[in-house]
Amino acid sequence: MIQHKTYLATLKPEMIAEYERLHNEIPAANCENMRKAGILSLRIYRQGERLIMTVERDLSITPLPDSLDTAAEQTWQRLTGECFAQKWQEIPQIFTFEAG
């Protein structure tokens, strides 16, 4: 089963460039963590200080204990976390259209 979620966050105005720089240089360990966690697609969009993130995850994939690089994830969360005025919050889906 594929899970689709959408999140909203707000950046500190003075941290927009840093947040984008970090995302242009995502460490390989963080990308591997996402793959191991079953993330099929993750997209982030920005309009001014507002961010929208969409995530598609395969729920049949469960990472093995100790298979994720927790140090890399903690470092990433610290670096990107400093950029937020408001951290990621899940937003509800109110409409879906699927052709076919």
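## Helix H1 and its buried face

Ile 16, Tyr 19 and Leu 22 are the buried residues of helix H1, where buried means under 20% relative accessible area, exposed over 50% and partly exposed in between, with a 1.4 Å probe and protein chains only. Seen down the axis of H1, these buried residues fall within an arc of 130°, so they line one face of the helix; the arc is that of the directions from the helix axis to the C-beta atoms. The face turned away from this buried side carries the exposed residues Ala 17 and Asn 24.

This is a predicted model, in which local features need pLDDT of at least 70 and side-chain atom pairs count only at pLDDT 80 or more, while totals for chains, interfaces and linings use all residues. Residues are numbered from 1 along each chain as its sequence is written, and side-chain values use heavy atoms, with hydrogens and water left out.

## What covers H1

The cover over the buried residues of H1 includes strands E1 (2-11), E2 (39-47) and E3 (50-58), helix H3 (70-81) and strand E4, with contact meaning heavy atoms within 4.5 Å. Helices (H or I, at least four residues) and strands (E, at least two) are DSSP runs, numbered from the N terminus.

Because Tyr 19 lies in H1 (residues 16-24) and Phe 84 in E4 (residues 84-91), the pair ties together parts that are 65 residues apart in sequence.
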